[in-house]
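Colleague: I am new to this structure and would like to learn how to read its features. Could we take them one at a time?

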Amino acid sequence: MPNDPSSNLPSTARVVIVGGGIMGCGLAYHLAHEGWRDILLLEKAELTSGSTWHAAGQITHSTSSFGLGRCVDYNIGLYAGKLEQETGQSVTWHGCGSFRLAYSDDEMDWLRHTLSVGRALGFNIELVGPARIRELHPFYNLDGVQGALHTPDDGHADPSGITQALASGARQQGAKIIRRCRTTDIRQLPGGEWLVSTEKGEVTCEHVVNAGGTYARQMGEWSGLQLPMTSMTHHYFVTDTVPQFLELETELPVIRDDKLVSGYIRMEQKSGLIGIYEKENPNAVWLDECPWEAENELFEADYDRVMPWLENALNRMPIFTELGIKREVHGAISHPPDGNPLIGPAPGVKNYWCCCGTQIGIGWGPGLTRELARWMVHGAADISMREFDPRRFGGYADKDWQVIKAKEDYCLRHEIPFPHFNRLAGRPVKPSPLYQRLKEKGAVYEEVYSHERPRWFARDGVAQQDHYSFRRNAVHDMVAAEVKAVREAVGIMDISAFTKVEVSGPEAEVFLDRLVPNRLPKKLGGIALTHLLNRRGRIEVELTVVRLAGDRFYLVCAAFFEQRLLDHLAQQRDGEALRITKLSDDWAAITIQGPQSRKVLAATTQAPLDNANFRWLSAQQIEIAGREIWAFRMSYTGELGWEIHGPREDMLAVYDALWAAGEAHGIADYGSFAMNAMRMEKGFKGAGELTNEVTLPEADVMRFVNLDKDFLGKAETEKSLEKPLPWICAYLAVEADGESDGHGGEAVLMGAAVVGTTSSVAYGHTVGSVLAFAYVKPEGAVAGTELEVVIMGAPRKARVLSAAAYDPENLLPRSDV
């Protein structure tokens with residue numbers, strides 16, 4: 001269209017979005033609706049010509065992710081009327097509802113948990129038996145089916161229509177979209193702007209967005225970025241016309257059969273549609289790069305690969321058996337290593353945003369792009385972006401590892417998402433110095449930002465492997481024994497996975513002081529717990545700051561937030577004379593906790609450890625086993641204890657010395673499950689509570705704030721204090737039933753009304769109660785208030801606590817005994 005003025009490439013724009021699928025068009029639409037106007041979207045071919053066009057187009061409220069649930073609910077409202085009313089562009093919405101089937105007890109538990117999350121989100125959702133399924137879908141073979149999750153507001157839509165409507169809505173708000181304009185390079189200029197090179201010229205912009213779909217990884221390489229995702233191929237098949245469908249007045253619900261079909265079955269007009277995610281031998285393509293000439297690309301169907309699942313589908317829908325297949329769709333879809341999209345800032349650079357890696361674009365896309373738009377425009381999204389943040393991966397995520405993990409993720413697409421499901425492929429990547437020693441002692445490991453961290457220790461004949469369930473299992477008693485050891489004697493844990501960063505130099509103190517809300521430690525060896533905020537006053541990272549010297553600070557946070565911390569520090573730096581040094585891979589750490597910890601540590605060092613010489617929340621350099629290391633007197637368990645930090649090569653000798661000294665005192669290894677249970681008993685908030693969704697007053701952590709000083713986010717913090725809070729983080733004791741304890745995301749009730757949702761739940765083995773943090777309406781957060789928490793689909797009595805369930809006066813960590 002050479003005469004179309006919209007094809008003229010401007011020389012500048014505020015933001016350039018590269019990619020015209022559901023994600024790119026969704027972001028253009030939402031950026032415009034958040035107030036930005038100078039938006040340019042570039043598409044190399046036609047809109048939706050990549051993976052969007054061949055999507056099956058389904059969307060469901062059946063999700064156990066609270067954040068994704070909010071996105072899905074928004075998307076269904078958008079598709080079911082709002083978008084078409086706004087733009088005049090049809091999206092062909094089919095509001096037929098859906099069933100997710102369960103054949104086993106574990107699947108039924110999954111559905112019960114999903115029901116609890118759905119109730120927190122206000123979804124129209126119910127758990128039904130075979131009779132109700134048969135009533136609404138008389139053609140499905142229900143042999144062996146115990147029940148299903150019925151989500152009647154679900155449906156499917158035309159992917160092309162949705163994308164064109166989003167593009168139309170963006171244009172109506174002033175966005176410019178140019179088709180047939182391939183981007184050839186993206187690089188950052190010395191001044192920080194981005195230069196986007198295309199076949200039609202160059203554009204300079206403040207923000208650039210990679211919405212390249214199956215091209216996103218290779219596009220990232222132009223800018224020196226490693227964006228982990230792999231193109232995996234997925235089949236769906238459309239049958240000939242189904243005679244029985246010709247007589248139907250209403251469309252049948254979509255069936256999601258995770259066990260036997262490993263996919264979905266629905267009507268496509270008067271035909272059948274069968275989608276399959278085979279659970280072995282998945283197919284990865286374009287491992288080097290996606291060919292630029294690809295457009296509306298499909299692959300030849302591979303019946304050998306999917307035949308067992310296709311045969312199961314025909315057995316479940318016998319009316320399809322005698323029909324032919326009139327359409328085969330075998331297309332490529334991006335799969336990140338963990339299955340979640342890459343939505344947010346690219347690591348290590350400023351104003352390069354990822355809007356890619358989305359394997360369920362129609363189901364998740366618009367809601368996620370709305371949150372990304374809010375992030376870009378206002379400084380924070382309105383849902384927790386932890387599971388989508390591109391910075392959750394580090395340099396370890398090379399191409400070979402990406403392929404291994406993408407294949408793993410594809411095969412898990414229709415498996416039960418058990419709590420704490422441990423993805424084992426491609427591991428270990430970064431074993432700690434203690435890895436082999438602890439593995440031989442029964443450690444069952446989890447991966448956190450590529451580090452291997454012990455979860456729990458197998459003993460007493462329990463198999464050294466993951467035991468998955470939504471209910472208590474053998475692991476419950478193993479964790480109870482670890483908690484008991486720490487509470488009554490002494491426990492030791494490998495905590496090397498923590499992010500460890502040093503900020504040093506003449507202006508290190510000035511720099512950090514203007515970022516953190518709390519007072520920085522003034523004394524050498526002082527320790528402070530604080531937070532980093534964004535310009536919206538929301539929480540970016542919880543942080544421990546240790547003053548190692550006058551001009552040297554040691555920062556510790558959860559492993560997951562390493563790149564987020566490094567980016568925050570780098571981007572807030574304003575010419576100060578300082579150095580930022582990542583120590584995470586060079587240093588390791590151990591914690592020793594419990595009433596006998598002082599005796600154990602004293603047997604390994606000449607340093608005095610009494611309160612007068614080694615005060616609570618202080619750090620000293622001491623010698624253990626001939627190694628100079630740092631000892632921090634602090635505790636995440638609520639007991640007397642120390643953390644030991646130092647060079648990797650020293651830590652095994654330190655561990656062995658502590659273990660040998662501790663054997664006379666009943667020392668035991670413990671892992672992250674026990675640590676989490678103990679932090680819940682102490683009422684310590686964690687990553688589930690301290691998110692980009694909330695301000696410091698909402699998180700109820702103002703005791704870590706000094707409003708007499710300036711800090712990034714102070715004005716927004718004060719505004720949050722001045723106005724009524726939308727929610728507050730409450731600490732709950734929940735009735736235990738001896739079988740299941742909850743997993744986070746459950747609805748919290750006050751009377752019959754939903755007033756909030758849990759963020760973290762764990763059983764407190766010492767106090768004999770289920771404990772939870774929950775974000776609830778202010779009237780439900782008052783100490784002593786009686787509430788209910790819906791766990792596994794059933795309400796449990798709960799009460800808001802005013803103090804920690806264990807050692808509420810916090811005397812034990814300060815003990816001088």
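Modeller: Start with the elements: helices (H or I, at least four residues) and strands (E, at least two) are DSSP runs, numbered from the N terminus. The model is predicted, so local features need pLDDT of at least 70 and side-chain atom pairs count only at pLDDT 80 or more, while totals for chains, interfaces and linings use all residues. Residues are numbered from 1 along each chain as its sequence is written, and side-chain values use heavy atoms, with hydrogens and water left out.

Colleague: Which element gives the largest share of the lining of the largest cavity?

Modeller: On a 1 Å grid over the protein atoms alone, a cavity is a set of points where a 1.4 Å probe fits but cannot get out; a pocket is an open set with protein on both sides within 12 Å along at least five of seven lines; lining residues have an atom within 4 Å of a point. Grid points are joined across faces, edges and corners, and a volume is the space filled by probe spheres set on the points. Here there are 4 cavities of 30 Å³ or more, and the largest has a volume of about 70 Å³. Helix α6 supplies the largest share of its lining, 3 residues. The lining includes R217, M229, W286 and C290.

Colleague: What is the strand order in the open sheet of 6 strands?

Modeller: Two strands pair if DSSP finds at least two bridges between them. The order is β29-β30-β31-β28-β22-β32, and the pairing is mixed. At the edges, β29 (619–624) and β32 (667–669) each pair on one side only. Between β29 and β30 (627–632) the pairing is antiparallel, over 6 bridges, and E623 stands opposite E628 in β30.

Colleague: Which helix packs on the sheet?

Modeller: For such packing, contact means heavy atoms within 4.5 Å. Axes are lines fitted to C-alpha atoms, for helices over the stretch in contact, and angles run from 0 to 180 degrees between N-to-C directions. Helix α11 (474–488) packs here, touching β22 (490–494), β28 (587–593) and β32, and its direction makes about 120 degrees with that of β22.

Colleague: How many salt bridges does a search of the whole structure find?

Modeller: A salt bridge is a side-chain nitrogen of Lys or Arg within 4 Å of a carboxyl oxygen of Asp or Glu. The search finds 55. One of them joins R487 and E639 at 3.1 Å, N to O. R487 is in helix α11 and E639 in the loop between β30 and β31 (641–647), so the pair ties together parts 152 residues apart in sequence.

Colleague: Are R487 and E639 buried or exposed?

Modeller: Buried means under 20% relative accessible area, exposed over 50%, and partly exposed in between (1.4 Å probe, protein chains only). R487 and E639 are both buried. In another salt bridge, E278 and R305 meet at 2.6 Å, N to O. E278 counts as buried because its relative accessibility is 0%, and R305 counts as buried at 12%.
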